[in-house]
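Please keep the sequence and the model in view while reading.

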Amino acid sequence: MLIALWPTGNDWPAQRETIVRLSGIARPEMVDALDRLRRGERAGRVLDDRFISGFALAQYRRAGAHELALSFAGSQPAADAAYLARAVKRLIPDGELGSSCDAALPIATRG
């Protein structure tokens with residue numbers, strides 16, 4: 001999903017520039033990782049622990065966020081949303097998030 005949501009080339013809106021800067025990952029490294037992902041390399045080979053730490057949802061909670069809105073781009077946004085929901089349920093099966101993932105998903109994507 002990262003490559004579907006991230007700009008290509010020199011199209012880096014200010015908010016994305018800020019996100020990368022705050023992640024601690026240098027822009028050239030981010031560009032390289034995105035290029036590799038777009039060429040089909042698996043995320044597990046491309047993205048190291050810095051990407052996980054820099055973009056983890058826990059960072060938002062520590063910063064005081066109480067709610068996040070996710071949008072899915074690309075050719076299959078409903079399938080991508082369903083994939084995320086299934087992954088979250090596998091990782092956090094007892095509903096420790098404090099709200100239901102199903103509530104935010106369209107009926108067609110519920111599994």
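The paragraphs below treat the core, the salt bridges and some residues at and below the surface.

The model is a predicted one, in which local features need pLDDT of at least 70 and side-chain atom pairs count only at pLDDT 80 or more, while totals for chains, interfaces and linings use all residues. Residues are numbered from 1 along each chain as its sequence is written, and side-chain values use heavy atoms, with hydrogens and water left out.

**The core.** A nonpolar core is a set of buried Ala, Val, Leu, Ile, Met, Phe, Trp, Tyr and Cys residues joined through side-chain atoms within 4.5 Å, where buried means under 20% relative accessible area, exposed means over 50%, and partly exposed lies in between (1.4 Å probe, protein chains only). The largest such core has ten residues, among them Trp-6, Trp-12, Met-30, Ala-33 and Phe-51. Helix H3 (residues 27–38) gives the largest share of this core, namely four residues; helices here are DSSP runs (H or I, at least four residues), numbered from the N terminus. When residues up to four places away in sequence are not counted, Ala-33 touches Val-46, Leu-47 and Phe-51, a contact being heavy atoms within 4.5 Å.

**Salt bridges.** Side chains of opposite charge can pair when their charged atoms come close. A salt bridge is a side-chain nitrogen of Lys or Arg within 4 Å of a carboxyl oxygen of Asp or Glu, and by this rule the count comes to five. The table lists some of them.

| Pair | N to O distance |
|---|---|
| Arg-27 and Glu-17 | 2.8 Å |
| Arg-36 and Glu-41 | 2.9 Å |
| Arg-50 and Asp-48 | 3.0 Å |

Arg-50 and Asp-48 also belong to one network with Glu-29, joined by salt bridges that share partners.

Ile-52, found in helix H5 (residues 49–55), counts as exposed because its relative accessibility is 53%. The C-alpha atom of Ile-52 is separated by 9.5 Å from that of Ser-23, 29 residues apart along the chain. Ala-81, by contrast, belongs to helix H7 and is buried, with a relative accessible area of 7%. Ala-81 and Leu-70 are eleven residues apart in sequence, and their C-alpha atoms are 8.8 Å apart in space.

Notes: Helices (H or I, at least four residues) and strands (E, at least two) are DSSP runs, numbered from the N terminus.
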